[in-house]
Amino acid sequence: DIKFVIHHLISLTVWGTTLNAGRGCELANCCLLMGESTTPILNAWWLAKQAGHERLARGLSRIFTAGFLGVRVAILPFYVVPFAYEALRGEDLEKRVGTLRARLWAALVVLSMFGGLVWARSLVRGLLKDLRKGKRQIQAKPRAKQS
């Protein structure tokens, strides 16, 4: 998915430039780590799907979706929005790293968060589709005759 690639390129740009600067943006790196904290579950989900373990893949999918939504929708915006606001207003961050870099980081962090929200929307759609599919499968099973 091109959005996935762009999102991660933006995240790597933020990470790389903050490391290069050597100062000024521990928050951006902390957000990056939080955002990627669910990656091991995503990898396990992908491996289970590739191996054909549908039940395990479905369980990992739900765990990943819950974790991803928790981090990307419930936690990260509380850090990213104030950071971007501070950088765009030219407060403390601008004094430490310069106007251009502060504004670049603000824009990139917001874009990265937006990419996470776009993927969160897709995950919710996939979860709802999976839940409907499971419900139809349960309803379609023939009932055992009672004696």
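**Note on the cores, surface patch and salt bridges**

1. Setting aside neighbours within four places in sequence, Val-109 touches Val-14, Ala-28, Val-80 and Phe-83. Contact here means heavy atoms within 4.5 Å. The model is predicted, so local features need pLDDT of at least 70 and side-chain atom pairs count only at pLDDT 80 or more, while totals for chains, interfaces and linings use all residues. Residues are numbered from 1 along each chain as its sequence is written, and side-chain values use heavy atoms, with hydrogens and water left out.

2. Val-109 is also one of the residues with the most contacts inside the largest nonpolar core, together with Val-14, Val-80 and Trp-105. This core has 18 residues. At least two of its residues come from each of helix H1 (2-21), helix H2 (26-35), helix H4 (54-89) and helix H6 (99-140). A nonpolar core is a set of buried Ala, Val, Leu, Ile, Met, Phe, Trp, Tyr and Cys residues joined through side-chain atoms within 4.5 Å. Buried means under 20% relative accessible area, exposed means over 50%, and partly exposed lies in between (1.4 Å probe, protein chains only). Helices are DSSP runs (H or I, at least four residues), numbered from the N terminus.

3. There is a second, separate core of 9 residues. Among them are Trp-45, Phe-64, Phe-68 and Ala-120. As background, nonpolar side chains tend to be buried together in soluble globular proteins.

4. Ile-2, Phe-4, Val-5, Ile-6, Leu-9, Leu-12, Trp-15 and Leu-19 make a nonpolar patch of about 780 Å². Patch residues have over 30% relative accessible area and no salt bridge, and nonpolar side chains (Val, Leu, Ile, Met, Phe, Trp, Tyr) are joined within 5 Å. Areas come from the Shrake-Rupley method with a 1.4 Å probe, and for residues only the protein chains shown count as cover. Ile-6 counts as partly exposed because its relative accessibility is 44%.

5. How many salt bridges does the structure hold? There are 3 salt bridges. A salt bridge is a side-chain nitrogen of Lys or Arg within 4 Å of a carboxyl oxygen of Asp or Glu.

6. One of them pairs Glu-36 with Arg-72, with the closest N and O atoms 3.5 Å apart. Glu-36 sits in the loop between H2 and helix H3 (39-51) and Arg-72 in helix H4, so the pair ties together parts that are 36 residues apart in sequence. Glu-36 is partly exposed, at 25% relative accessible area, whereas Arg-72 is buried, at 7%.

7. Asp-130 and Arg-58 form another salt bridge, at 3.1 Å from N to O. This pair links distant parts of the chain, with Asp-130 in helix H6 and Arg-58 in helix H4, 72 residues apart. Asp-130 counts as buried because its relative accessible area is 17%. Arg-58 is partly exposed, at 28%.

8. Arg-62 and Asp-130 also meet in a salt bridge, at 2.8 Å from N to O. Here Arg-62 in helix H4 and Asp-130 in helix H6 are 68 residues apart. Arg-62 is partly exposed, with a relative accessible area of 34%. Salt bridges that share partners join Arg-58, Arg-62 and Asp-130 into one network.

Definitions and conventions
Patches are made of residues with over 30% relative accessible area and no salt bridge: like charges are joined within 9 Å, nonpolar side chains (Val, Leu, Ile, Met, Phe, Trp, Tyr) within 5 Å.
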